Amino acid sequence: INAADAMPDGGDLSVASFVCPTTGQLGISVTDTGSGISEQARPKIFDPFFTTKGDAGGGLGLSMSLGIIRQHGGTLVCTSTGSTGSRFDIRLPLAEPAAAAAADTDGGEHGPRAANNARILLVEDEQSVREVVEQMLNNLGYKPLVAPTSAAALRLLQTVQIDLLLSDVIMPDMRGPELYQAALAQQPRLRALFVSGYAEDVLLHAGARKQPHGFLSKPFSLQQLSGAIQQALADKPLHS
């Protein structure tokens with residue numbers, strides 16, 4: 001998206017893979033022939049909410065990318081040559097052998113299961129993500145209620161007792177932490193688990209740590225989701 005915005009009259013966008021000879025890491029490079037990034041802006045491009053696009057930009061895309069790459073033990077470096085384009089290099093460590101990875105995440109013969117009959121309210125505005133997470137919850141043995149917006153979630157909370165609010169952080173109508181505050185007014189013993197593709201330092205700016213809660217970074221595995229839910233439900237009630 002950034003490359004397209006930098007090339008309003010057209011240009012070349014190239015994606016290539018490479019091996020870093022000094023570390024053995026695998027890399028992905030993304031290069032465009034657009035307007036480039038100024039020297040003044042370059043040190044700030046990974047800062048949360050920094051944008052050079054005015055109202056047209058949210059300033060979270062590169063920060064989110066950096067957060068995900070760091071979660072996987074990698075690095076993200078930008079090289080821009082002023083007015084002749086930009087290049088971003090991603091370097092990632094080699095994956096573990098499949099057998100070792102499977103052993104590390106194995107939840108037993110039948111995989112992870114729900115620890116109890118807790119009622120979970122899933123709030124996610126992106127339909128594709130919502131459907132995937134709902135299926136994961138079903139696979140874990142839960143029977144979640146699902147809401148595509150914060151407003152829909154608050155309507156459900158008026159009529160149904162919920163044990164855990166499982167919510168995305170950044171949503172169009174209300175951010176997850178704000179939804180949680182409104183939900184607590186209806187159900188004071190409600191617990192929350194936030195999920196997001198944004199780095200946790202970004203969430204500090206979004207106000208996600210104003211209340212005790214769990215946090216799970218996207219993308220996550222079935223095992224990670226199961227553990228995060230059980231941890232959130234095992235905690236002492238946040239409010240009496």
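Start with helix H4, residues 127-139, and helix H8, residues 222-234. Their axes come within 10 Å and cross at roughly 70°. Axes here are lines fitted to C-alpha atoms, for helices over the stretch in contact, and angles run from 0 to 180 degrees between N-to-C directions. So H4 is roughly perpendicular to H8. The cut-offs: under 35 degrees counts as roughly parallel, over 145 as roughly antiparallel, 65 to 115 as roughly perpendicular, and the rest as oblique.

Which residues make the contact? From H4, Met-136, Leu-137 and Asn-139; from H8, Leu-222, Leu-225 and Ile-229. Contact means heavy atoms within 4.5 Å. By class, the residues of this contact are 5 nonpolar, 1 polar and no charged. Ala, Val, Leu, Ile, Met, Phe, Trp, Tyr, Cys and Pro count as nonpolar; Asp, Glu, Lys and Arg as charged; the others, Gly among them, as polar.

A word on the source. This is a predicted model: local features need pLDDT of at least 70, side-chain atom pairs count only at pLDDT 80 or more, and totals for chains, interfaces and linings use all residues. Numbering runs from 1 along each chain as its sequence is written, and side-chain values use heavy atoms, with hydrogens and water left out.

Labels next. Helices (H or I, at least four residues) and strands (E, at least two) are DSSP runs, numbered from the N terminus.

Now the sheet. It is open, with 4 strands in the order E1-E2-E4-E3, and the pairing is antiparallel. Two strands pair if DSSP finds at least two bridges between them. The edges are E1 (13-19) and E3 (75-80), each pairing on one side only. Neighbouring strands are turned by 15° on average, direction ignored.

Take E4, residues 86-92. With E3 it pairs over 6 bridges; Val-77 has Asp-89 of E4 as bridge partner. Helix H2, residues 61-71, packs on the sheet and touches E3 and E4. The direction of H2 makes about 140° with that of E3. E2, residues 26-32, pairs with E4 over 7 bridges. There, Ile-28 has Ile-90 of E4 as its bridge partner.

Last, confidence. pLDDT is the predictor's confidence in each residue, from 0 to 100. The protein chain has a mean of 80, and 79% of its residues reach 70 or more. Helix H3, residues 98-105, is lowest at a mean of 50, while strand E5, residues 120-123, is highest at 96. Residues 104-111 are below 50, with 4 contacts beyond near neighbours in sequence.
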